[in-house]
Amino acid sequence: MDQLLDKILNDVSKQVDYAEIYMENSNSTDVDILNDNINYAKEENINGIGIRVIKDQKQGFSYTTNMNRIDETIKQAIKNSTLNTKDENVGIIEKNQDYKKVDGLYDKKLENPDLQEAIDFSEELIKLTKDKKCNPTSGGYGVGKTTIHILNSNGVDISESTTTCAGSISVNVEDNDLVSSAYYFDASHSSDIDAQMIVNKATNLALNSRDAKSTETRDTKVVLDYFAAVSLLGTFFSALNSENKQRGRSRFKDQLNQKVSSENFTLIDDGTIPGALNSAICDDEGSPTQKTILIEEGILKNFIYDTYHAKKDEMDVTTTANAVRASYNSVPSVGFTNLKLNFKEVTPITDITEGIIVDSVMGAHTANPITGDFSVEALNSFEIKNGSIENPIKKVMISGNIFEIMQNATAASEESRQLGSCITPKILVNKLRVIG
């Protein structure tokens, strides 16, 4: 395969000013659960190549999964470049890079995914859920190995293999004339996914959410559990994206080196954390991953950049190694690696006299990305009274402003959890509007 990639790069480089080859090879096994049955099980092998070219400062891109159509793909990428306008900011990275391997991203036990093992795990999820007197409604299990290889005409040549494993279950249980529902999942680069833990988390939440009572409308303390915190923080994080800044869509566009959150809060984007879900040896255009302080004790220090948006920025900045791709069939864009939320202060639930705790929310995507205002439905919520989590709450809304929340938020747990790119503890908001 290396010889093939070298040949492709050599062929395309003769015809353009700059060229980049992005190869993705993945082997995966996935099982889908529907109600209490295996809905489908599949094995998939993907071998795709994306070719990005720059000629006369015009960028073109094309991709294929057919290795016999490489010449056509090269021609299409070059043709596509002629259809684009000249852009002085397009480019590819240079060779002078120092790469450091990140530990904990590969498990040999997962390098040859076995379909029957995946089916067995999924059936175990179903059985364990029924043992808890709950009904599985959906879920599944997936495992895979992916190898990424990036090389370009500036001499960059870097590759890495990683493994992933994930399991999930959604459940419901009768609740008088209604049903009580809950969901949980776990993901890792290793094979340590625990079916019993996943089921216990989901079923316990569903069972404890039965016989919910109404709550009164008021301003009160709200603990955002992991799912709820990540959902609502998406708007806050988007303000740290350089593309949003340059398009005038960021609340923070003119606030560099100014206070944007509580002094209690530090936010770091770090693609080098061992074992973290989005860690890697490099980003998706070949820049070595790094640790970037975005907010330090409340002060905005940086935005995230890929090469293109770093060149485009009005300030003298370089890439922060935050180029991401959905797959071999897309060009790089700006995205986070592992966002680590650090709070100096922790206010455990046992110290909260009155408030509510919210497991997850519905409607976070409707938040205003500029103002930060939101109004969402809180799911699987409970009253907090005198440091104790008590009766479940019927359908309730919470509303507020995410930028104001982060001016005084503290951690509500010592333990953090990674969901997507976000590594966060539970978060205590001192005052939110709760609408019962």
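How many residues does helix α1 have, and how far does α1 reach from its first C-alpha to its last? Helix α1, residues 2–13, has 12 residues and reaches 16 Å between those two atoms, close to the 16 Å expected at 1.5 Å a residue. The expected span is 1.5 Å times one less than the number of residues in the helix.

## Basis of the model

The model is predicted: local features need pLDDT of at least 70 and side-chain atom pairs count only at pLDDT 80 or more, whereas totals for chains, interfaces and linings use all residues. Residues are numbered from 1 along each chain as its sequence is written, and side-chain values use heavy atoms, with hydrogens and water left out.

## Overall architecture

The protein chain has 8 helices and 19 strands. These elements are DSSP runs numbered from the N terminus, with helices being H or I of at least four residues and strands being E of at least two. Along the principal axes, the C-alpha atoms fill a box of roughly 70 × 55 × 35 Å.

Buried residues make up 52% of the 436 residues in the protein chain. Buried denotes under 20% relative accessible area, exposed over 50%, and partly exposed in between, with a 1.4 Å probe and protein chains only. The accessible surface comes to about 20200 Å², of which 44% belongs to carbon and sulfur atoms; the areas come from the Shrake-Rupley method with a 1.4 Å probe. Among contacts (heavy atoms within 4.5 Å) between residues at least 6 apart in sequence, 72% join residues at least 24 apart.

The buried residues of α1 are Leu5, Ile8, Leu9 and Val12. They cover an arc of only 95° around the axis, which puts them on the same side of α1. The arc is that of the directions from the helix axis to the C-beta atoms. These buried residues pack against β1 (18–34), β2 (37–55), α2 (70–83) and β4 (135–152).

Helix α2 has 14 residues and reaches 20 Å from its first C-alpha to its last, close to the 20 Å expected at 1.5 Å a residue. Its buried residues are Ile70, Thr73, Ile74, Ala77, Ile78 and Ser81. They lie on the same side of α2, because they cover an arc of only 135° around the axis. The cover over the buried residues of α2 includes α1, β2 and β3 (58–64). On the face turned away from the buried side, α2 carries the exposed residues Asp71, Lys75, Lys79 and Leu83.

## Salt bridges

Side chains of opposite charge can pair when their charged atoms come close. A salt bridge is counted here when a side-chain nitrogen of Lys or Arg is within 4 Å of a carboxyl oxygen of Asp or Glu; by this rule the count comes to 15. One of them joins the side chains of Arg52 and Glu20 at 2.8 Å, N to O. Arg52 lies in strand β2 and Glu20 in strand β1, so the pair ties together parts that are 32 residues apart in sequence. Arg52 counts as buried at 4% relative accessibility, and Glu20 is buried with a relative accessible area of 1%.

Glu20 also forms a salt bridge with Arg325, the closest N and O atoms being 2.5 Å apart. This pair links distant parts of the chain, 305 residues apart, with Arg325 in the loop between β11 (323–324) and β12 (333–334) and Glu20 in strand β1. Both Arg325 and Glu20 are buried. Elsewhere, Arg69 forms a salt bridge with Glu72, with 2.8 Å between the closest N and O atoms. Arg69 is partly exposed at 42% relative accessibility, and Glu72 is partly exposed at 45%. Salt bridges that share partners join Glu20, Arg52, Glu285 and Arg325 into one network.

Asn172 is found in strand β5 (residues 157–175) and counts as buried at 17% relative accessibility. Leaving aside residues up to four places away in sequence, Asn172 touches Cys134, Asn135, Thr137, Val179, Ser180 and Ser181.

Ala166 also lies in strand β5, but is partly exposed, with a relative accessible area of 30%. With the same exclusion of residues up to four places away in sequence, Ala166 touches Gly140, Tyr141, Gly142, Asp186, Ala187 and Ile193. The C-alpha atoms of Ala166 and Asp194 are separated by 9.7 Å, the two residues being 28 apart along the chain.
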